[in-house]
Number of protein chains: 2
Amino acid sequence: MPKPDKREEILCSALHLIAEHGFHGAPMAMIAERAGVGAGTIYRYFENKDVLINEMYKELEKRLTAYLLEGYAVEQPLRDRFLHLSTAVLRYCITNPIHFKYLEQFHNSPYGVAHRRDKFLGKSVQRDLYCELFEQGVTQGTIKNLPMVVLCSLAFGPLIFIARDHILGFVTLDDKLINNIISACWDSLKS
Amino acid sequence: MPKPDKREEILCSALHLIAEHGFHGAPMAMIAERAGVGAGTIYRYFENKDVLINEMYKELEKRLTAYLLEGYAVEQPLRDRFLHLSTAVLRYCITNPIHFKYLEQFHNSPYGVAHRRDKFLGKSVQRDLYCELFEQGVTQGTIKNLPMVVLCSLAFGPLIFIARDHILGFVTLDDKLINNIISACWDSLKS
DNA sequence: TCCTCCGGAATGAACGTTCATTCAGTATTA
DNA sequence: TAATACTGAATGAACGTTCATTCCGGAGGA
């Protein structure tokens with residue numbers, strides 16, 4: 001009878017090792033050891049390493065989406081919704097640095113490119129939330145009339161960069177600074 | 001008598017293979033084959049793979065810096081200098097997609113982190129140019145009074161993101177769009 | 001001019017290591 | 001006891017690196 005939490009142990013072990021040492025610095029044997037299982041056991045839960053890596057990614061995407069939707073109300077004004085989403089993204093990244101590092105590794109690898117191509121233009125639930133927002137903003141003239149990918153880059157680019165710097169210890173983000181950053185991002189988007 | 005262009009061949013081969021397939025998808029044997037040399041020959045020019053990878057990086061950084069400095073005049077107004085630098089960064093990235101991909105691989109790897117740490121807060125010549133700009137801007141009140149890393153994230157983040165999207169074919173940047181993007185970045189920086 | 005010799009550049013088969021994956025055997029549960 | 005979960009040593013493929021050997025072109029003697 002397979003203990004379902006053994007799967008969790010393996011995922012958790014993989015998350016930490018890959019976030020810290022990269023895909024190639026996290027051999028299956030090491031993942032197994034940290035998880036407290038035999039090397040072969042991993043293959044009872046995941047067909048191979050690629051599947052494990054992709055499952056881990058799906059898991060993290062699910063959690064991030066859930067976090068973004070917490071307290072998100074479609075009926076709020078555009079700017080408020082933007083502030084909510086962006087603050088949530090930044091907060092999630094810096095309070096879950098391990099998750100953030102894993103997601104970065106994933107996106108900057110053949111896995112990530114394949115994933116983006118599959119989803120046609122990298123549309124994830126997160127990005128969809130933003131796209132909806134931006135489309136409304138463009139229609140009502142609040143937001144610059146630029147292609148959706150450009151708007152996404154203006155919104156996400158600084159967030160990801162600054163989250164990375166925070167995690168590497170090059171800057172310390174507090175509430176006030178976060179507000180200033182997101183407000184600056186909004187300045188780049190609004191007409 | 002060592003033909004100096006053999007070194008070039010090896011670097012060029014490594015650049016293409018690593019940009020396209022990543023560090024781990026570019027074995028030394030493959031780099032040697034594409035360069036038209038024996039596997040052992042590489043080690044006459046580079047102590048090991050790590051050295052080869054770092055030398056390649058230095059080379060690209062040098063070229064990018066040269067490109068940025070073309071026509072750059074310190075006596076120009078702040079905004080003009082910002083537009084010059086940002087346009088140059090974006091243009092360089094999208095006209096040299098191979099270079100861009102290599103630089104991305106490098107930055108998102110242990111090599112890149114080590115490199116940033118060495119240079120204390122990732123100060124490269126490129127970033128120095130921006131920092132000088134931003135310091136002046138903050139002093140004279142033109143630019144928001146935010147930490148230097150934050151200003152860099154606001155300036156670089158969108159550029160890198162949109163360059164990636166362009167290269168992956170998710171958007172096509174023309175002169176007009178580039179101007180709009182950089183102008184939007186400026187909006188996020190100016191007080 | 002031709003031949004021989006020599007230094008070092010170039011080579012690529014071979015080596016040792018690492019890794020994902022397998023499987024024969026053991027432990028656990030029902 | 002039967003069935004299933006688990007284990008970790010064994011496997012073989014792939015990799016970075018080495019090194020005994022080959023190759024090449026210029027120097028020097030006749």
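Helices here are DSSP runs of H or I with at least four residues, and strands are runs of E with at least two, numbered from the N terminus. This is a predicted model, where local features need pLDDT of at least 70, side-chain atom pairs count only at pLDDT 80 or more, and totals for chains, interfaces and linings use all residues. Residues are numbered from 1 along each chain as its sequence is written, and side-chain values use heavy atoms, with hydrogens and water left out.

**View 1. The annotated stretch at residues 27–46 of chain A.** An unreviewed UniProt entry puts a "DNA-binding region" here; such annotations may be inferred rather than shown by experiment. The stretch is 60% helix and 0% strand, and its end C-alpha atoms sit 15 Å apart.

**View 2. Domain 1 and domain 2 of chain A.** The domain assignment, automatic or from a database, gives domain 1 as 1–46 and domain 2 as 59–189. Their C-alpha centres lie 29 Å apart.

**View 3. Where domain 1 of chain A meets domain 2 of chain A.** Here 7 residues of domain 1 are in contact with 9 of domain 2 (heavy atoms within 4.5 Å). Together they bury about 820 Å², with carbon and sulfur atoms giving 72%; that's the accessible area (1.4 Å probe) lost when the two parts are put together, summed over both. A:Leu15, A:Ala19 and A:Phe23 supply 62% of domain 1's share, more than any other three residues.

**View 4. The salt bridge between A:Lys101 and A:Glu20.** Their closest N and O atoms are 3.2 Å apart (the cut-off, from a Lys or Arg side-chain nitrogen to an Asp or Glu carboxyl oxygen, is within 4 Å). The count between the two domains is 1 salt bridge.

Technical notes
Chains are lettered from A and ligands numbered from 1 in the order in which they are written.
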